[in-house]
Amino acid sequence: MDMDFVAEKGLVLLGCGKMGGAMLEGWLDRGLPPSSVWVIDPKPSDWLQSTGVTINGDLPEAPGIVLIAVKPQMMGDALPALKDMGNGTTLFISVAAGTPISAFEEALGAHSPIIRAMPNTPAAVGRGITSIIGNAHASSGQLDLAETLLKAVGQVVRLENEDQMDAVTGVSGSGPAYVFHMIECMAKAGEAEGLSPELAMQLAQATVAGAGALAEEAKESPRELRVNVTSPNGTTQAGLEVLMDEENGLPALMRRTVGAAANRSRELRNG
Ligand SMILES: NC(=O)C1=CN([C@@H]2O[C@H](COP(=O)(O)OP(=O)(O)OC[C@H]3O[C@@H](n4cnc5c(N)ncnc54)[C@H](O)[C@@H]3O)[C@@H](O)[C@H]2O)C=CC1
Ligand SMILES: O=C(O)[C@@H]1CCC=N1
């Protein structure tokens, strides 16, 4: 199975906001024909309307894939639109944080193949990472299909149990926001040291992007790469002594940040 299957059978996207839009942008950029995509969204964005996909039109009877990308809080309103498609062959993939597989089984029928996924917005540029887990009715072929689709916009990881999804959401689902905030903070700090806002932002953005690319491509671990930047008694060491402080620095802050996001995911599961 490959992307041709999706192009041939069709992809229905329920909700096309920031996450659904990021994935759709990645798929369209990588050659998925707009004529194979049907979107249901009461507020289609200007970008969506410019893509040539079918918006709020008649849906195919048995699309290959239905991707559910509405907010967990909107799920109750949104799911009835899909009930008639639960004919056993259509594969449902949900990217909603917190919403458990059992909620989809209840809404779509216990025999529907359902995959729960946690992507992230770098999918828009083909650099996302998505973790997936299927229900008992998702065949290995359907997991392969989901993996193929999601690999078109980045890496894919298969989870061993659904409980891992809360921590995954705290690390990689929400993670891009932490990194974007780090760029904002570095730029602000550069301004405080006398740089213009434009120069400070350019330096911060390029540094985070370059360090990310190096961390991914280099054979050294992130730890080794950090040590390579740190001359004994130099500038980096002075900076890292603040950032790496066990109590007040990034380790404790990141532990609390990821913990809060994972806890929120657990809360969403409980309604
Ligand atoms: N934004 C992100 O970085 C990530 C989001 N997610 C998940 O993706 C889902 C969507 O999040 P976002 O895209 O950020 O939210 P969003 O608010 O940008 O998009 C939701 C879209 O759903 C549409 N919508 C509302 N009611 C609807 C209905 N009844 N039928 C069809 N469409 C409806 C809205 O018009 C909107 O375009 C959430 O469940 C979230 O947990 C998962 C991973 C990352
Ligand atoms: O903030 C949220 O709830 C969603 C899930 C992961 C990223 N955005």
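These legends accompany close-up views of a predicted model, in which local features need pLDDT of at least 70, side-chain atom pairs count only at pLDDT 80 or more, and totals for chains, interfaces and linings use all residues. Residues are numbered from 1 along each chain as its sequence is written, and chains are lettered from A and ligands numbered from 1 in the order in which they are written.

**View 1. The surroundings of ligand 1.** Start with the shell of 26 residues around ligand 1, where Gly15, Gly17, Met19, Ala96 and Ala97 are the closest (a residue counts if its C-beta atom, placed from the backbone, lies within 6 Å). Two elements, α2 (18-29) and α4 (75-78), each give two or more residues to this shell, and α2 has the largest share, with three residues. Helices are DSSP runs of H or I with at least four residues, strands are runs of E with at least two, and both are numbered from the N terminus.

**View 2. The make-up of the ligand 1 shell.** Here you will find 15 nonpolar, six polar and five charged residues. Ala, Val, Leu, Ile, Met, Phe, Trp, Tyr, Cys and Pro count as nonpolar, Asp, Glu, Lys and Arg as charged, and the others, Gly among them, as polar.

**View 3. The surroundings of ligand 2.** Ala97, Thr169, Gly173 and Ser174 surround this ligand. Three of the shell residues are polar, one is nonpolar and none is charged.
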